Amino acid sequence: MFSYYMPTRILVGENVVRNNASAFALGRKAIIVTGRSSAQKCGALNDVTDALNKIGVSYDVYDKIENNPTVECAYYGGRFAKDHGADFIIGIGGGSPMDASKAIAVYAVNDIEPMQIFDGNFVNKPLPIIAVPTTAGTGSEVTPYSILTLTKEQTKRNFTCEDCFPKIAFLDGRYTVKLPIQVARNTAVDAMCHAIEGYLNNRATAASDYIALETLRLIGECLPALKSGDFSVPICEKLLFAASLGGIVISQAGTTIVHSMGYQLTFFKDIPHGMANGMLIGAFLDWCGDVCGEKIARVVEAIGLSSVCEFKELMKKLLVNESLFTDEEIEAYLKISMNAKLASAPKTVTIDGERDIYRKSLL
Ligand SMILES: [Fe+2]
């Protein structure tokens, strides 16, 4: 028994924003949510504003989203959207602007305290959201999730709202073709982790499994480019599509402890999200190998590799971590990561199990 729900319309191809301007007619006033400069540099912001001008939709830009946005940052974005009379939100960027867009869409129409968003304690439906990813990894363009940083709690927390599935996702490989190679690698590894964690966790369904293996197969086809840095628009389009498929996997099945443990590496050491996951995923596979060995073999095969060992070598090749860790730091991370919801893990999570994964990965 399972259900499958994925309400986002996905439009894919070169110049897909300019060629589908009428799809932006979700209201009279849009708030565009971006980081400081990447949406502009890759051409996505220009394409979107041209499309809005073409169909006579007015807009304002909220460009204050930093990496790993805090709840407060999204809350002020919500005030901005409300003060500017937004009818809908357009998130352009990597996971940070897209995740923030979802929270902004909630805050814009609900007078709540910032932290109330995590209880689902709001009455009004969020504003409609359009997502334009400029990295290929997060999959946020097709999920109802928003991951926000909690400064006081020293970690990140997920808020989920079915109405936060973006209405439309525009995927154009032109937006990611000039990404710095390490960003392209980190984000591709994040997409792989979405597929692997979704495939191995106990909320996986027949539908999410099918999509997870296809995600891994597509990323496997892009490995030569990820290794060499020789990206073309078609390769980038394939990676973007794969990342969206990975997003669909987690929209059905969720992630598991690789993500909840990785958040600490990002919070305390500023390690990019995808890299943090990639540093932990090999030891995670060792940890759950006794209960899902067959599925792990299919993961490895789908990527086009022959063993878990080869997969770990691939992670080492793609990721460059220079941070050093101590036992004390690991104990501090464990205190936080053991507070996360762990029910979806493929086997019972114990503090010793997580300690082992951290130690094998970081020391
Ligand atoms: Fe992720």
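At what angle do helix α3 and α4 pack, and how far apart are their axes? In this predicted model, helix α3 (residues 71-83) packs against α4 at an angle of about 50°, and 8 Å lies between the two axes. Angles under 35 degrees count as roughly parallel and 65 to 115 as roughly perpendicular; α3 and α4 are therefore oblique to each other. The crossing of the two helices, α3 and α4, is right-handed. On the α3 side, the contact is made by Cys 73, Ala 74, Tyr 75, Gly 77, Gly 78 and Ala 81. On the α4 side, Ala 100, Ala 103, Ile 104, Val 106 and Tyr 107 take part. Sorted by class, the contact of α3 with α4 comprises nine nonpolar and two polar residues, with no charged residues.

Spanning residues 95-107, α4 lies across β2, β4 and β5 and runs at about 165° to β4.

The strands belong to an open sheet of six, in the order β1-β8-β5-β4-β2-β3, and their pairing is parallel. The edge positions are held by β1 and β3 (58-62), each of which pairs on one side only. From one strand to the next, the twist averages 20°. Within the sheet, β5 (residues 129-133) pairs with β8 in the parallel sense over two bridges. Ile 130 stands opposite Ile 168, the latter in β8. Helix α2 (residues 44-55) packs on the sheet as well, where α2 touches β2 (29-33), β3, β4 (88-93) and β5. The direction of α2 makes about 155° with that of β4.

At the level of domains, the chain is divided into domain 1, residues 9-174, and domain 2, residues 181-362. The centres of domain 1 and domain 2, taken over C-alpha atoms, are separated by 25 Å. To the contact between them, domain 1 contributes 25 residues and domain 2 contributes 27 residues. On the side of domain 1 that touches domain 2, at least two residues are supplied by each of β1 (9-12), β7 (155-160) and β8 (168-171). The residues of this side of domain 1 divide into 13 polar, eight nonpolar and four charged.

Definitions and conventions
Residues are numbered from 1 along each chain as its sequence is written. This is a predicted model: local features need pLDDT of at least 70, side-chain atom pairs count only at pLDDT 80 or more; totals for chains, interfaces and linings use all residues. Domain bounds come from an automatic or database domain assignment. Two residues are in contact if their C-beta atoms, placed from the backbone, lie within 7 Å. Helices (H or I, at least four residues) and strands (E, at least two) are DSSP runs, numbered from the N terminus. Ala, Val, Leu, Ile, Met, Phe, Trp, Tyr, Cys and Pro count as nonpolar, Asp, Glu, Lys and Arg as charged, and the others, Gly among them, as polar. Two strands pair if DSSP finds at least two bridges between them. Axes are lines fitted to C-alpha atoms, for helices over the stretch in contact, and angles run from 0 to 180 degrees between N-to-C directions. Angles under 35 degrees count as roughly parallel, over 145 as roughly antiparallel, 65 to 115 as roughly perpendicular and the rest as oblique. A crossing is left-handed if the near helix is turned anticlockwise from the far one by less than a right angle, and right-handed if clockwise.
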